[in-house]
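This report is written for someone meeting the structure for the first time, and it moves from one chain to the next. Please keep the sequence and the model in view while reading.

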Amino acid sequence: MIILPGFSTRPFHPLLWLINPLLRRIMISLLVLIPLFSVMSACDGSRQTNTTTPTLFFGAPISLTGSTSNEGQLTLEGYKLWIKEVNTHGGIRIGHTTYQVQLKYYDDGSSPTKSAQLTQQLITSDKVNFLLGPYGTAATLQDEAIAEQYQIPMVEGNGSAKAIFSKGFHYIFGVQSAASEYAKVMLQAALTLTNPPKTVGIISADDAFSKEVATAAKDYATSHNLNVVYYQQYPADTTDLTDVLTALKTSGPGGNVPDMLLGSGHEDEAITTMKECKQLHINAKLYAFTVGPAVPDFISVLGPSSNDILGSSQWTPQEKYKGRDVFGTPVHYAQIYQTEYGHAPSYQSAESTAVGLTFEYAIRKAGSIDPQKVRDALASLDIMTFYGRIRFDSTGANTYKPMAAIQIQNGRVTTIYPSAIADAQLMYPTPPLS
Amino acid sequence: MAFGQVLVNWLLLGSLYAAVALGFSLVWGIMNIVNLAHGAFIVVGAYIAFWMYTQLSIDPYMGIPLTMAALFLIGWLVQYVVINRVIRAPLLVTFLLTFGLDLLITDLVQQIFSSNRRSINTTYAADGFDIGSTHIAFDSLIAAGIAILLTAALSYFLARTRTGNAILATGMDQDAARLMGINISRTYALTFGIGAALAGAAGAMFAELRQFKPPDEGTFTLHAFVIVVLGGLGTPWGAIAGGLAFGFAETIIPLFPGVGSGYDDAITFAVLVAVLVFRPNGLLGKAFYS
Amino acid sequence: MTTNIGQLARVTKPLPKQTKERRTWLWSLLIGLAILAAIATVPAYGNAALLHTWTWIVMVIVLAQSWNFIGGYTGYAAFGNVAFFGIGSYSVGLLVLAGLPFWVGLIVGGIIAGVFALLIGLPVLRLKGHYFAIATLGTAEALREFVEVKDIGGGGGGLMSLPLPGLNAYTIVFYAFISLSVICLFITAVLVRSKFGYALIAIRENEQAAEALGIHTYWYKVGAFVLSAVPTALAGGLYAYWATGFDPGTVFDRSISVEIVLLTFLGGTGTILGPIIGGILFETASFQFQTSGLSLHNTLLGFSIIVVTIILPQGLIRLLQEFTRKSAPDLTAVNRFMEGLQRVRRYITANGI
């Protein structure tokens, strides 16, 4: 019998694992950690065996946790809806073979470096056929470089900064409108009024995307007789805008509030701006935000203060498009989405579904799943979908789809511009907030 | 330049920030634990207040005692089960332990509540009164008032009650306190629970004044850290001083010509380093919490 | 007591005769080299994803080894080392865009980071403990904001886009990182046995006593800080080349600072092998969690961190050292094993569990 030092001369006990505190602790830790790790490995998706039916794999790193987790979830819902609809309608048929489609995705935690790592994983380990884009400009920038290196086409719908398309890459395609359109469309809508606003204060977050939007807004305003009386950038992750708004409050003619307040940032900042405007008694005649009003929880978070706020959207359910895809019209897409997920679609979901559709039509057009042929088909694609027109210029950007200006009226989102696809009129001026 | 409005903004915002840092300061000062999960507690408090408002129609400010009670229980549990084991450990250990805790709590909150943004919209939000062109919103005023009230209450509790004295004693010299018959682990659990409760109160106020979602907890913790370092450990009023200093860096310094609003973080940390160089214990810092 | 002072003075020089006991540094160095050599074989059999993962892991190891100089050996836990990383990245980025060769950017990045560490270290190293941590964190954050606002990368918000290298660049970058890690390993080993290293350890153990002994603690601290800055900046420069595009949020990401502290801690701060072991274990576990497809992966990661922090507060390497420490010579092998376990138990419980 083994005599353990430090335990007097008691012999080795069969239940020593429970009695000895140290061994007990080690045992518990092992009992906890080993199953954990085996569950991890068992769930490891990259060891999927080949399915018996021919399958096309689409890979995507998506931010399901972290700072853009909300938008990432919406993107995932958009992708999944497309996958489901394609498979239900018989898959993608090329010649005599019908392919089912499958999505392979990982959570990149809203970190662009992890996104790159996971893209690498998807291409070389999981051997996906094509890539769907992540959420956000920063992640898209990282991932497109890898797609370009491996010459795998990547279509994305959630990164709009110009930098994505100005690298001279051939394997990146974006279905959404460019960043510079975000603010332009709202200003255009405002200027169609018989008595348009004369002064505008522009505040912008200082990340690449927001700055691009704000600069385009400023240029457009000044060239169209709209006086930019205030232009200020703030740190992108700020939680408080009282100093910026206090200065804006007195920047209009005569020390008053400017007619219009244009915010270029993200949803968090739009909400903060509105809440603080109310607290500071800033009553502009028109509030416009490039990102925010189109996202579902904007209205639920702000409640009645959200009325009459202008926003811009890549897509709204009210637009009057007639696409040749299985969804057809925005209304129909919204219905299918609502049935599937229990809430209304946001434009992030719609553009993600559009990404899938783009691949579907490009593959059919190419008549092959060879990446090169599909890439060439993408470059020359020109289709009308529920999302709008999808066609790419030489850099891969979709310059053929206009953005829509929306306004929240009586607690729901309405499209007010361009008039061809609008379903309501712009209401102006906005009544005071309090 | 609307100086009145700026001044009011500063005072109100500074007090709100102080509420964020109060619990953090207590736990750090007494237990020498930098609780990186503090932001997570604030977010949990915000969700509890939100839930009470939407499901039970309890006003967030009226419901603060309930929020605080809930967070107190959570804090007590966390201390007893986890933090207790690293009380005597060096700085880095507690740092990393609370970091893991933070990851855990935030992820659980996100799983349960989803990552949607939430905010509480009361009917009286932004109603206020005007002094000249300066607008003072009621909810901001109430929040600032509660923050100062909590600080005063904590100060009174620590200085004048037996339990409070026990907490202070434990913070000064753990072994001597034990010799005096104070139950150290219960005292620590109490302290941590109070710290969490204060975080919960801050969360409830933030839920009404601004909006929140799970990833915001990192910002809260960072702000609390900076505010406590600025204001100094050793007294609850340090949180107020730190909050005002932080608010000053965020709202007033950008108004100086040529500075602008882009450099918020840089300014804050420049102020931080400057304060630390000249007053290494913070503005109101003392050697012992008292 | 003259004898004591004499003995103390001799501590600052390496012992003239090395007994077997004292050669742990050599063992650590050799094991470290062996591990890195094993990693270096990855391109031979692995696919590109594996190479990408291991490149990232080796890069993180380099960052951890650099941090170890200031955090592990000097005892000053800096939480802002990502600032040097970003400096390296942007130096390479800007100089490559200006047409200069890549290695020029690397060297310039290293120099700028060193100077920055010197300038920042002068005020900040007067602080201690938590205050030092928050001051370094603040510096990194302030630098990030500065780069973002001044739009230093030129792409809007500080975005930087570099030309794409060919596919074989991945392997070259991988070996560059490995070389950097080997260099850091050697520096650590030499440090441990040098006067500089002993001074740093003295500062960590008891700074006042070190001052009393006549060590100019301030300058040694600054030296360690600068030493930790340079390899970090070089790693940042290599990263710029590897990733070809980044923004301030990516290369000045404060979670990188926290992560390198965490994994050095797991492996064992102030040890030669600690950063390497901690880096490999933590990154592979983290990656495993992330690709598992479970939505609770962050919860599990947090839970694992808590468990490990409670059980192994001194890091894995020190636990192994406790186990393998020389015991009484006349014990049998089994008894020596049990003795080792016993020591480990005492070691863990001594930390207050």
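Two residues are taken to be in contact if their C-beta atoms, placed from the backbone, lie within 7 Å. The model described here is a predicted one.

Is His266(A) buried or exposed? His266(A) counts as buried, because 23 other C-beta atoms lie within 10 Å, and the cut-off for a buried residue is 20 or more. A further point of reference is Asp207(A), which is 59 residues away from His266(A) in sequence, while the two C-alpha atoms are 10.0 Å apart in space.

## The two domains of chain A

Chain A is divided into two domains, and each of them is made of two stretches of sequence: domain 1 takes in 55-177 and 319-391, and domain 2 takes in 181-313 and 404-421. Taken over C-alpha atoms, the centres of these domains of chain A are separated by 30 Å. Where they meet, 13 residues of domain 1 of chain A are in contact with 11 residues of domain 2 of chain A. The side of domain 1 of chain A that touches domain 2 of chain A has, by class, five nonpolar, five polar and three charged residues.

## A mixed sheet and an enclosed helix

An open sheet of six strands is found in chain A, with the order S2-S3-S1-S4-S5-S6 and mixed pairing. Its edges are strand S2 (92-94) and strand S6 (172-174) of chain A, each of which pairs on one side only, and the twist from one strand to the next averages 30°. Within this sheet, strand S1 (residues 55-62) of chain A runs parallel to strand S4 (residues 130-132) of chain A, and two bridges join them; Gly59(A) stands opposite Leu131(A) in S4(A). Helix H13 (residues 347-366) of chain A lies across S2, S4 and strand S5 (154-156) of chain A, and runs at about 15° to S2(A).

Another helix of chain A, H7 (residues 181-191), has nine of its 11 residues buried, so H7(A) is largely enclosed by the rest of the structure. The buried residues of H7(A) include Glu181(A) and Lys184(A) as well as Val185(A), Met186(A) and Leu187(A). The elements against which the buried residues of H7(A) pack are helix H8 (208-222), S9, strand S10 (286-289), strand S11 (309-313), strand S14 (404-409) and strand S15 (412-417) of chain A.

## Crossing helices in chain B

In chain B, the axes of helix H5 (residues 138-160) and helix H6 (residues 162-172) come within 5 Å and cross at roughly 80°. H5(B) and H6(B) are therefore roughly perpendicular to each other. On the H5(B) side the residues that meet the partner helix are Phe157(B), Leu158(B), Ala159(B) and Arg160(B), and on the H6(B) side they are Gly164(B), Ile167(B) and Leu168(B). By class, this contact of H5(B) with H6(B) has five nonpolar, one polar and one charged residues.

## Where chain B touches chain C

Between these two chains, 34 residues of chain B are in contact with 34 residues of chain C. Helix H4 (91-113), helix H9 (217-231) and helix H11 (264-278) of chain B are the elements that give two or more residues to the side of chain B that touches chain C. H4(B) gives the most to that side, with 13 residues. By class, the side of chain B that touches chain C has 27 nonpolar, three polar and four charged residues.

## The build of chain C

Chain C contains 17 helices and two strands, and 52% of its 353 residues count as buried. Of the contacts in chain C with a separation of 6 or more, 75% are accounted for by residues 24 or more positions apart.

Chain C is divided into domain 1 (24-296) and domain 2 (312-353), and 31 Å separate the centres of these domains of chain C, taken over C-alpha atoms. Contact between them involves 10 residues of domain 1 of chain C and five residues of domain 2 of chain C. Helix H13 (254-267) and helix H14 (274-290) of chain C each supply at least two residues of the side of domain 1 that touches domain 2. By class, that side of domain 1 of chain C has four nonpolar, six polar and no charged residues.

How values were computed
Residues numbered from 1 in each chain as written. Chains lettered and ligands numbered in written order. Predicted model: local features only at pLDDT ≥ 70, side-chain atom pairs only at ≥ 80, totals over all residues. Helix = DSSP H or I, 4+ residues; strand = E, 2+ residues; numbered from the N terminus. Buried ≥ 20, exposed ≤ 12 C-beta atoms within 10 Å, placed from the backbone. Pairing = 2+ DSSP bridges. Axes fitted to C-alpha atoms, helices over the stretch in contact; angles between N-to-C directions. Nonpolar A, V, L, I, M, F, W, Y, C, P; charged D, E, K, R; others polar. Domains from an automatic or database assignment. Parallel < 35°, antiparallel > 145°, perpendicular 65-115°, else oblique.
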